[in-house]
Amino acid sequence: MAARSAAIVFLLCGLASVSGAQEPRAEDVGWQLSAAIVDQERLLSDSIEGQLILEDLNRKGNELRAENEALQAELETEERALTEMRETAEQEEFRTHANAFDSKVNSIRTDQKQKLERLNAEYERARERFFRKAEQVMLEMMQERGIGMIVGRQAVLLATSAADITDDVIERMDRAYLSDREEQGGE
């Protein structure tokens, strides 16, 4: 019954917003929200810690890309030399060099693929740690505000903006992150 009432309240607030009426905020009318909305991608992209995770991923991704480009240039140079060698070298000598080159190319591909997989796994672990912290913050807010559930922004069809607690979660996560850094001596 409470969920149905909350859905009706959200629907009415949403319709008021669409019709141009000023949208009531939960605290203005004394509502206690039984559901709230969080945009998880914004938590990651707009919080200090999330931005640092994304910056680290981008930096490492750019380093890997630059390394791949350098290796590609090196291999292209070797391939040109091998092509020139084909015209003057004995067939057996050329085959030995060609096989060595193929082995080198395959080895580099395997190494670079493994580096990319490690980078992706590192990002997923950092993302999981980040969202575990966010979950703790959201659980605290649920208890403080009497929220029965939090749903992702992508799952919501219609709601009042008062139901979106993303900015509040980001603010708390940033405060906690900065406080932790301060305690660790600003590392």
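1. Burial and surface. In this predicted model, 28% of the 187 residues of the protein chain count as buried. The accessible surface of the chain comes to about 12,700 Å², and carbon and sulfur atoms account for 50% of that area.

2. Secondary structure. The protein chain contains six helices and two strands. Read from the N terminus, the order of these elements is α-α-β-α-α-α-β-α.

3. Contact range. Taking the contacts in the protein chain between residues at least 6 apart in sequence, 79% join residues at least 24 apart.

4. Helix 6. This helix covers residues 166-183, 18 residues in total. From first C-alpha to last, helix 6 reaches 26 Å, close to the 26 Å expected at 1.5 Å a residue. Just after helix 6, Gly185 adopts a positive phi of about 85°.

5. Burial along helix 6. The buried residues of helix 6 are Thr166, Val169, Ile170, Arg172, Met173, Asp174 and Tyr177. Their cover includes strand 1 (35-38), helix 3 (40-46), helix 4 (48-88) and helix 5 (91-145).

6. Packing of helix 4 with helix 6. The axes of these two helices come within 8 Å and cross at roughly 75°. Since angles of 65 to 115 degrees count as roughly perpendicular, helix 4 and helix 6 are therefore roughly perpendicular to each other. On the helix 4 side the contact involves Ile48, Glu49 and Leu52, which meet Asp174, Tyr177 and Leu178 in helix 6. The residues of this contact divide into four nonpolar, no polar and two charged.

How values were computed
Residues numbered from 1 in each chain as written. Predicted model: local features only at pLDDT ≥ 70, side-chain atom pairs only at ≥ 80, totals over all residues. Heavy atoms only, no water. Helix = DSSP H or I, 4+ residues; strand = E, 2+ residues; numbered from the N terminus. Buried < 20%, exposed > 50% of the residue type's maximum accessible area, 1.4 Å probe, protein only. Contact = heavy atoms within 4.5 Å. Areas by Shrake-Rupley, 256 points an atom, 1.4 Å probe, with all protein chains shown as cover. Expected span 1.5 Å × (residues − 1). Axes fitted to C-alpha atoms, helices over the stretch in contact; angles between N-to-C directions. Parallel < 35°, antiparallel > 145°, perpendicular 65-115°, else oblique. Nonpolar A, V, L, I, M, F, W, Y, C, P; charged D, E, K, R; others polar.
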